Every structure is written in structure tokens, then in C-alpha cells.
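Please open the model in your viewer and keep the sequence panel beside it. The stops below say what to select next and what is there.

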Amino acid sequence: MSFWTRLAGRARPDPADANAAASEALVRRLRQGDASALELLYRSESPGVYRYALALCGQSDWAADAMQEAFVQFAGRPEGWDAGRGPLGAYLAGVARHHLLARWRDLPVAHDEDAEDLHHDPADAPEQQLVRARDQARVWAALQTLPWTFREAVVLVDLQERAYAEAARIAGVELNTLRTRLHRGRARLLAALKDESTPLPSAPVDAIERSSKSA
């Protein structure tokens, strides 16, 4: 390896690669019957899964249930995770998502992913305005007013900072669909934040105080 390559820092190991390797090693142990590996995986992955679920549903008890269900299903069938298709955290988030969606469908909440776009000034993009929003509690509360599909897109990309491709895999949709949902979700979220006359639901304290990135 050349001096200039080392100087540029390209020789440094990627932490994500190290985490993935550690997860794979623990999953191999779990598949071989080592129950202690599940506890280690739970410690490393459960915070991110919980934060993702909490941001989607806005209810700590629902989020905890979804997280637990994800690990119960994974423990019962650890071979269900394919490392070649994405990190373990994304797989568990997908399981938690399906659990929440099953409960969500029983509630009278809109699921229309083809709702009309809100008009906005292209010179002042929603994502740029959202960065300037100072009232974090209001942002979290406004997030809960979005339809499920739009909320999920905003949570995955803007709050958890996942790549578009990974977010689309978790949501189980095509990349273009994810982008459309994100665009519409941002627009609706911005509109809710701008409308001071609209009462917003209370945001959970643990959602406000938590880190926006997944573990």
C-alpha cells in the first residue's frame, strides 16, 4: 500500500465492517446452540431496533413489544438473516416493522401512500427547512401525524440516516417508491410544523432525548 494511500486514511478499518463481522460471528454461535450469543446480540442491536420502532409508533410500550418480537422471531430462526442482504440491525428492524404494521392496521389511521403532493418552493427545500427547526419536541409530535408510509420513510432516511437502498429494503418497497414517500413525508412534516394552529400529539420523552441514529 502506497504512502499516499495511508496518508489519505484509506487504510483505516471501517467500523461498520468490524461490527458486521462481529454480528456474523455471534450469529454463527447462536446457530450452533450457544444461547449466550443471543444476549450479546441483544445488547448491541436492541437499542437501534427500539429507537426505530419508537419513532414509527410514538408509543414506548408498542416499541418495546416490537423490539421483543423481533428478537423472539430471530432467536427461533436465526438462519432467517442473510448477511449478504444487509446488516443484522436492518433485518431486525424489518421484523419489528411488520409487527407494528399488523397492529397499526387495526387502528383507524390513514395508510394512503398515493396522497397528493403538497406544493412547496423548490428554492427552499423541505429537508433544508427541517434542519432549521429548533423545537425538537414539536418535530417529534408532528412526525406522529404523518401516515405510516410517509413517517417510516422520514424516520429511516432523515432521522436514522440510513442509505436509501437500505431504507427501501426495510420498508419492503422499490427505491423510487421510497424516494416518493420521503419527498411527500418531508412536505407534510414541514406543513405540520408551519401550522402553529394545528394541535399536535405529545411526543414521548424518550423519543426526544434519544439519539436519532440507529445503533
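Helices (H or I, at least four residues) and strands (E, at least two) are taken as DSSP runs and numbered from the N terminus. This is a predicted model, in which local features need pLDDT of at least 70 and side-chain atom pairs count only at pLDDT 80 or more, while totals for chains, interfaces and linings use all residues. Residues are numbered from 1 along each chain as its sequence is written, and side-chain values use heavy atoms, with hydrogens and water left out.

Begin by selecting Ser 23, which is found in helix H2 (residues 15-31). With a relative accessibility of 9%, Ser 23 counts as buried, a word that here means under 20% relative accessible area, with exposed meaning over 50% and partly exposed in between (1.4 Å probe, protein chains only). If you set aside its neighbours within four places in sequence, Ser 23 is in contact with Leu 41, Glu 45, Trp 81 and Leu 88, where contact means heavy atoms within 4.5 Å.

Next, look for aromatic pairs, of which the structure holds two; rings of Phe, Tyr and Trp (its six-membered ring) pair if their centres lie within 6.5 Å, and planes under 30 degrees apart count as stacked, over 60 as edge-to-face and the rest as tilted. Select Tyr 42 and Phe 71, whose ring centres are 4.9 Å apart with planes at 65°, so the pair is edge-to-face. Because Tyr 42 lies in helix H3 (residues 36-57) and Phe 71 in helix H4 (residues 60-76), this pair ties together parts that are 29 residues apart in sequence. Tyr 42 is partly exposed at 29%, whereas Phe 71 is buried at 5%.

Then select Phe 74 and Tyr 91, which also form an edge-to-face pair, with ring centres 6.3 Å apart and planes at 65°. Phe 74 lies in helix H4 and Tyr 91 in helix H5 (residues 88-104), so parts 17 residues apart in sequence are tied together. Phe 74 is buried at 1% relative accessibility, and Tyr 91 is partly exposed at 26%.

Finally, select helix H8 (residues 148-159) and helix H10 (residues 175-194), whose axes come within 8 Å and cross at roughly 95°. That makes H8 roughly perpendicular to H10, a term covering angles of 65 to 115 degrees, with under 35 counted as roughly parallel, over 145 as roughly antiparallel and the rest as oblique. Among the residues that meet are Phe 150 and Val 154 in H8 and Leu 178 and Arg 181 in H10.

Methods: Axes fitted to C-alpha atoms, helices over the stretch in contact; angles between N-to-C directions.
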